[in-house]
Amino acid sequence: SEFKAGRETIAVLLLSESFLASESKYPFSLLGDIYYKRADLAQAAFYWGKAVELDPGNKALLEKIDRVSKEMELAKSQERVQMAHFELRYDTKLVFDAAAVNAALERAYEKIGKKLGYFPAEKSLVFLYSEEDFRNVFKLSPMVRAFYDGNIRMPLPKAAAAGDELNQYIEHEYTHAVVS
């Protein structure tokens with residue numbers, strides 16, 4: 001309940017106390033989810049690993065561990081750019097116009113914020129991937145062009161119509177972020 005209400009620090013404290021009281025996979029799994037949302041991949045992997053020790057056949061947890069291990073590998077070559085309302089993370093090998101992405105993110109911040117009457121105080125985390133890395137890590141249908149899981153994640157669109165596509169994806173996913 002605390003996590004869903006946005007009080008992650010309290011949720012972490014309660015979950016930490018909880019796994020001292022009982023041997024259940026749930027506190028470990030939820031701690032993994034919280035740390036994953038915070039983009040603390042090592043902590044997420046640690047807690048999901050503890051949950052798997054208690055439930056070795058849990059397919060969902062095994063998939064999370066597989067995904068986070070792939071993301072940890074990608075993170076080794078990630079660049080981090082701090083913007084006014086966003087933190088952008090991307091592979092240093094990606095070639096794109098960072099100023100255009102920044103402008104699209106800031107336009108979305110203003111447009112969606114005005115429409116919904118809410119401007120988040122915390123920066124939103126945005127991950128950009130190559131199409132290949134996006135598909136390899138997240139194993140989603142080709143129809144999925146971007147998603148929000150506590151952070152905005154999207155592959156860079158192909159060069160043709162990239163500006164329009166990118167703006168649409170950013171606005172759509174940032175709407176999820178604001179509503180969340």
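This is a predicted model: local features need pLDDT of at least 70, side-chain atom pairs count only at pLDDT 80 or more; totals for chains, interfaces and linings use all residues.

Reply: Let us begin with burial: a residue is called buried under 20% relative accessible area, exposed over 50%, and partly exposed in between, with a 1.4 Å probe and protein chains only as cover. Residues are numbered from 1 along each chain as its sequence is written, and side-chain values use heavy atoms, with hydrogens and water left out.

Me: What makes K4 exposed?

Reply: The relative accessibility of K4 is 79%, and the word exposed applies over 50%, so K4 counts as exposed. K4 lies in the segment before α1 (8-21), where helices (H or I, at least four residues) and strands (E, at least two) are DSSP runs numbered from the N terminus. Although K4 and S180 are 176 residues apart in sequence, their C-alpha atoms are 9.2 Å apart in space.

Me: How many helices and strands does the chain have, and in what pattern do they follow along the sequence?

Reply: There are 7 helices and 5 strands, and read along the sequence they follow the pattern α-α-α-α-β-β-α-β-α-β-β-α.

Me: Why is the chain called as compact as a globular protein of that length?

Reply: The radius of gyration is taken over C-alpha atoms, and the globule rule is 2.2 Å times the number of residues to the power 0.38. For 180 residues the rule gives 16 Å, and the chain has 17 Å, which is close to it, so the chain is as compact as a globular protein of that length. Along its principal axes the C-alpha trace spans about 50 × 35 × 25 Å.

Me: What makes β2 and β3 a pair, and in which sense do they run?

Reply: Two strands pair if DSSP finds at least two bridges between them. Strand β2 (residues 86-91) and β3 have 5 bridges and pair in the parallel sense, with L88 standing opposite V126 in β3. On the same test β3 pairs with strand β5 (residues 152-155), since 4 bridges join these parallel strands; here L128 stands opposite M154 in β5.

Me: How do you know that the pairing in the sheet is mixed, and which strands are at its edges?

Reply: The 5 strands form an open sheet in the order β1-β2-β3-β5-β4, with mixed pairing. The edge strands are β1 (78-82) and β4 (147-148), each of which pairs on one side only. Besides the parallel pair of β2 and β3, there are antiparallel ones: 5 bridges join β1 to β2, and 2 bridges join β4 to β5. A hairpin joins β1 to β2 through 3 residues, and E79 stands opposite Y90 in β2.

Me: Why is strand β3 described as mostly covered?

Reply: In β3 (residues 124-129), 6 of its 6 residues are buried. S124, V126 and L128 point one way, and L125, F127 and Y129 point the other way, all of them buried.

Me: What makes the contact of R153 with D149 a salt bridge?

Reply: A salt bridge is a side-chain nitrogen of Lys or Arg within 4 Å of a carboxyl oxygen of Asp or Glu. The closest N and O atoms of R153 and D149 are 3.0 Å apart, which is within that limit. R153 is buried, at a relative accessible area of 1%, whereas D149 counts as partly exposed at 26%. Salt bridges that share partners join R67, E71, D149 and R153 into one network.

Me: Why can the salt bridge between K25 and D55 be said to tie parts of the chain together?

Reply: The side chains of K25 and D55 meet at 2.7 Å, N to O. K25 lies in helix α2 (residues 25-37) and D55 in the loop between α3 (41-54) and α4 (59-75), so the pair ties together parts that are 30 residues apart in sequence. K25 is buried, with a relative accessible area of 17%, and D55 is partly exposed, with 24%. The whole structure holds 17 salt bridges.
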